[in-house]
Amino acid sequence: MAFSETMEYAYFEGQFVPFRDANVSVGTHALHYGTGAFAGIRGYLDQDGETINIFRLREHAARLLRSARLLRMDLPHDVDSVVETVLELTRRNAPTGDVYYRPLVYKSSVQLTPRLKGIDDELAIYMMPMGDYLDTRRGQKVIVSSWTRITDNIIPARGKITGGYINSALAKDEAEEKGADEAIMLDVNGKVAEGTGCNLFIVRDGVLTTAPITGDILEGITRRSILQVAADLGIPTEQRSIDRSELYLADEAFFCGTGVQVAWIERIDGRVIGTGTEPEMVKRIGQVLFDTFRGKNDRYADWITPLKGGQPAAVR
Ligand code: PMP
């Protein structure tokens, strides 16, 4: 990512600094061993045209700190301080449109042994303007990857651990080289896990179904939000293991996540899903979320942290 595509200030080693100064040593432990964890958070421009609505900020901060716990990190942060740091960074960068935040916790010592304990840890956060990650106006073309999803006893997929994303990258490349947009990964038992950077739902006979959180998936915050919205709309939901063949028979399938938002799937392994046009349930649920992002849905108002009138501030 070029510097020009990120916003001016970052949080780094306890201070707000110009993004170009937020740099680590080439000897950094996390760079060698993948001993980091990250978050991806979106801020949306409210319908008022000036407020930035940050979606489920506390939940993202809490998951980041849980991932840090998996990596035995000792950080001088709790959920409140991560939230406050994101808010202060937003004030300093004073965005005027939709943004994406990338908080990262990482093992920062220059240290040769691949271990978790006794290594210094840091939190860094930067942000950038961001629109769609996948083109959500059209259906996604998807393959089932030949790469198996990492399992809990190898690298826990429920944490957003940097090293685990090699698994996603292998599957994403395979999808793109086959002319697809995205990959679905199966777990070690051949059951459906998730996409490379998103959770997956299918609809069969009116039941909205997704893999359970013990199914080697990231404990997705959008996934959890969708299960809540569906319950509130009276849509039956199930969290259970899903067979590969159920993908092909589904009436609807869609990805969800902070980056992809809600993206419906048109084809899996060349097979048309449902009618091959944007289906009903994903449209209904997606609309609730997109309205919430823009501050147009009071029911889920507590899912957004609105920040008004961010002013650029001098670098400290
Ligand atoms: N699974 C993976 C592997 C991801 O990287 C993401 C993106 N964070 C998700 C699922 C979706 O999670 P969330 O809704 O919390 O962004």
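I set the contact rule before looking: a polar contact is a pair of N or O atoms within 3.5 Å; within protein, one must be able to donate a hydrogen and the other to accept it, and residues adjacent in sequence count only if both atoms are side-chain atoms. With that, I found a polar side-chain atom of glutamate 194 at 2.6 Å from a nitrogen atom of the ligand. Lysine 160 also points a polar side-chain atom at a ligand nitrogen, 2.7 Å away. The protein buries 97% of the 390 Å² that the ligand exposes when taken alone (Shrake-Rupley areas, 1.4 Å probe).

I noted the provenance. This is a predicted model, where local features need pLDDT of at least 70, side-chain atom pairs count only at pLDDT 80 or more, and totals for chains, interfaces and linings use all residues. Numbering starts from 1 along each chain as its sequence is written, and side-chain values use heavy atoms, with hydrogens and water left out.

Next, the shell. I counted 16 residues around the ligand (a heavy atom within 4 Å), with Arg63, Tyr165, Glu194, Thr222 and Thr258 the closest. By class, four are nonpolar, eight polar and four charged.

Where does the ligand sit? I found it in the largest pocket. A pocket here is an open set of points on a 1 Å grid over the protein atoms alone, where a 1.4 Å probe fits, with protein on both sides within 12 Å along at least five of seven lines; lining residues have an atom within 4 Å of a point.

I then checked the lining. It has 29 residues; Phe38, Arg102, Lys160, Tyr165 and Gly197 lie nearest the pocket centre. Helix α4 gives the most, four residues.

Terms used. A molecule sits in a cavity or pocket if more than half of its atoms lie within 2 Å of its grid points. Ala, Val, Leu, Ile, Met, Phe, Trp, Tyr, Cys and Pro count as nonpolar, Asp, Glu, Lys and Arg as charged, and the others, Gly among them, as polar. Helices (H or I, at least four residues) and strands (E, at least two) are DSSP runs, numbered from the N terminus.
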